[in-house]
Amino acid sequence: MARLNINGKVHDVQVEDGTPLLWVIREQVGLTGTKYGCGVAQCGACSVHINGEVRRSCMTPVSSVKAEDRIVTIEGLSPNSSNPIQKAWLEHDVPQCGYCQSGQIMAASALLAKNKNPSDKDIDTAMTNICRCGTYQRIRAAIHTAAKAKA
Amino acid sequence: MKTAAKQPNLSRRKFMVATAAASGGLALGFSLPFGADLAQAQAPLAASPEVNAWVVIKPDDTVVIRIARTEMGQGTLTGIAQLVAEELECDWKKVTTEMVTPGQNLARKRVWGDMATGGSRGIRGSEVYTRAGGAAARMMLLQAAADEWKVPVGELTVSESVIRHAGSNRMTTYGKVSAAAAKIAPPDPKTIKLKPYTQWKIAGKPVKRLDTAPKLNGSKIYAIDLKFPGMLNAAVKSCEVFGGKLVSFDDAKVAKMAGVKRVVKVDDATVAVVADTWWHAKTALDALPIVWDEGEGAKASSATIAKNLESGLTSNDAFADTTIGDTMKALAAAPKKIEAVYSTPFLSHATMEPMTCTAKITADRAEAWVPTQNGDQALAALSETAGIPLDKCEVYKMDPGGGFGRRVTIPDYVHKAVNIARQFPGIHVKMIWSREEDQMHGFYRPISQARMAGAIDAQGNLQALHIRVSGQSINAFSNPAAIKDGKDVRQLQGLWKEPGDAQFGYTVPNLQIEYAMRNSHVPVGPWRGVNTNQNGIYLECFMDELAKAAGKDPVEFRRTLMQKHPKHLGVLNAVAEKSGWGRPLPAGVHRGVAVFMGYASYSAAVAEVSVSPKSEVKVHRMVIATDCGNVVNPDQIAAQTDGAVAMGLSALFFNEITIDKGRVVETNFHNYRILQLADMPKVESVLAPTHDFWGGVGEPTICVVAPAVMNAIFAATGKPVRHLPIKNQKLV
């Protein structure tokens, strides 16, 4: 049994303590925008925000999340895809297959929340999510665009 | 951006219905209560009739363009819609798309043609009939207006879905005449004239993709995300050793674990745990005692496989696909002879979405939701495995989270999912492979080696070239019938003498190109770019070794040999110009070049690279020129070029699938490292289209990425790079 605050809504879920938060979000809560990619916190497809920090939910046991922790998934990032990162992603036509993009957007929006004008070096350090389609060049450009729009 | 915003932002509930609706050949936009039987949703509904198989126009002028090829990120969906819309003369802002299903294609005598999406054929393989489909629909819509107004159709004009008759100053729109147009007989194909590219207004332009919006907010449903009432989840494990068999499993040990429904045998080599959730299924699978018969394959290792390949470098069993002059004699007599051996490893596709498939089987109907590059084949696999006739089967194609060739040749994951679902009749069962299962059970890019020898005369001209490729054959594994008289020319892709698809681009007076087949127990298949990757490295890196021996600039050396191959030369010249070849670079930065042909397109790359004393390589910039004949969407070609660089550099620097005790060693991204953003160079895509043919886009550019960087490293260090990946190699 766990109580989770996801996208501002409280969910009581019946799960074993060791269950990764990713699978609770996907299978119990039913939000499937957060993706499974590797299960070992290497690829970042499962990235969510917990209290504003980007976290890889596939290696985050549900028991480590407190009831008062604020979890935000891609579905709760903004109403109508209005986060500056989402708008910039649309403007640059970033996604190809799109599978990793929830995680990329969560990582990029967490970066921008902390660092209003990230340098290329800051982006290099923060954006370690894998994109097999290779959209990295557009991700970098879109983060710069979003930073300018926010300024 | 405007067009992307037009995409229907389907809720999950509506999505289920939409998926089913596509099979009825109907437009989207209606809804049923969640959980309604999908079969019901396939009954004909009161929606706008189609003008023809490709085009539905609603009363509000919304245009629905039907897409048969798979969209897995490569942009084919948008590109085909551009081609149809171009001939249709419709308002691009009102264009949406829907995927047709394999069952519907079969029922309508394959009216949408081949659904397979591989070999970079999505657009070049369907451009004629998709454009003709748009043109035919336009002719029918105009005829409908002419009939209504009782004027000759030749007096009408149309632009952006608005039909006008100047003589009577009347106008109407496609939406208003589409119902009447649907009743008009289609035009004689001989009367359909397609526009020359010079008149294009939508095709050829960098319009935004039509499928972006739902990828930004989590609303896009991939196969792994599907949910159905009462659905069960399956986790699978196959024998780690290729060719091994499942002997037994002790299901009593996991029967009482949380959520477990049943443990089932899937096939000779695979077991599955089926549970209420996938996490429960996977947890129980990890705890399940399983006995395997690993078989002969367990004796194999990377060392034994490499030894077998080495034997093919000098053996007598090779066949020569190209024999010009007397290469052996010329090499023996050469004043300067250069020799080198190269090697490339097995590679996995590592699509971000691992293999997954959902199936529901009843006594007389079979359905599967499949992220496939090959819808027709998935349907056949469903029917065959379920034992249910084709006309009682349907496949709902899900846009794959990456394909790269993994989902095109053998529908192994469809067979497995259906074999599981058969044991739970009437219930949707979703099978998901773990990343480890995906890495350990792929169809890998074949391992290969090459022995190269070249003769340079006193004037620095290339007099003779001998290429011997030794390696595993894809056809031997998956399509032996394609091998004629024991000669598998496919493995020499990019070195072929025939023009048109993947031609060798140099003129050499004495030339011999050979292949010796050396197979292993490891399953192999097409991997983005297929054999152009390995052959591009062998030829183009050796060309730089020869240029250096000849004392010539690598671009000049190639130009001399390419005079009879103007399109190869064209992309070389384009990339040399745009990269600033020959101009000074910052201290420590060096250039490398490569040119190759594949999938009917010509590609050339220049890489700018620096190498530290500790052998750390930094790729600063890559300029890649492409001649794919006609350009449908330059922005999407640029995106594919980015992708080719990312995947090509991953393979060059980090990736290899090695074998120990018959099984794959690299089981997840911790030891199969994928290139990250920080490693991505600046990429410039240069289009050099000649407009006289239709070439592919998704695959052709990847084969020049690695050799251009390898040649830049050679320029920096003076030592050629001959073996991939270059991680852990001392370069300096």
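Q: Where is S120(B) found?
A: S120(B) sits in the loop between α5 (102–107) and α6 (127–149) of chain B. Helices (H or I, at least four residues) and strands (E, at least two) are DSSP runs, numbered from the N terminus.

Q: Experiment or prediction, and what's the numbering?
A: This is a predicted model, where local features need pLDDT of at least 70, side-chain atom pairs count only at pLDDT 80 or more, and totals for chains, interfaces and linings use all residues. Residues are numbered from 1 along each chain as its sequence is written, chains are lettered from A and ligands numbered from 1 in the order in which they are written, and side-chain values use heavy atoms, with hydrogens and water left out.

Q: What's the phi of S120(B)?
A: Positive, about 50 degrees, and S120(B) is not a glycine. Most residues other than glycine have a negative phi.

Q: Is S120(B) buried or exposed?
A: S120(B) counts as buried because its relative accessibility is 13%. Buried means under 20% relative accessible area, exposed over 50%, partly exposed in between (1.4 Å probe, protein chains only).

Q: And what about phi at E89(B)?
A: Near 65 degrees, again positive in a residue other than glycine. E89(B) lies in the loop between α4 (76–88) and β4 (95–99) of chain B. At 11% relative accessibility, E89(B) counts as buried too.

Q: New topic: which residues does the cis peptide bond join?
A: L724(B) and P725(B), with omega about -10 degrees. P725(B) is in the segment after α19 (702–717) of chain B.
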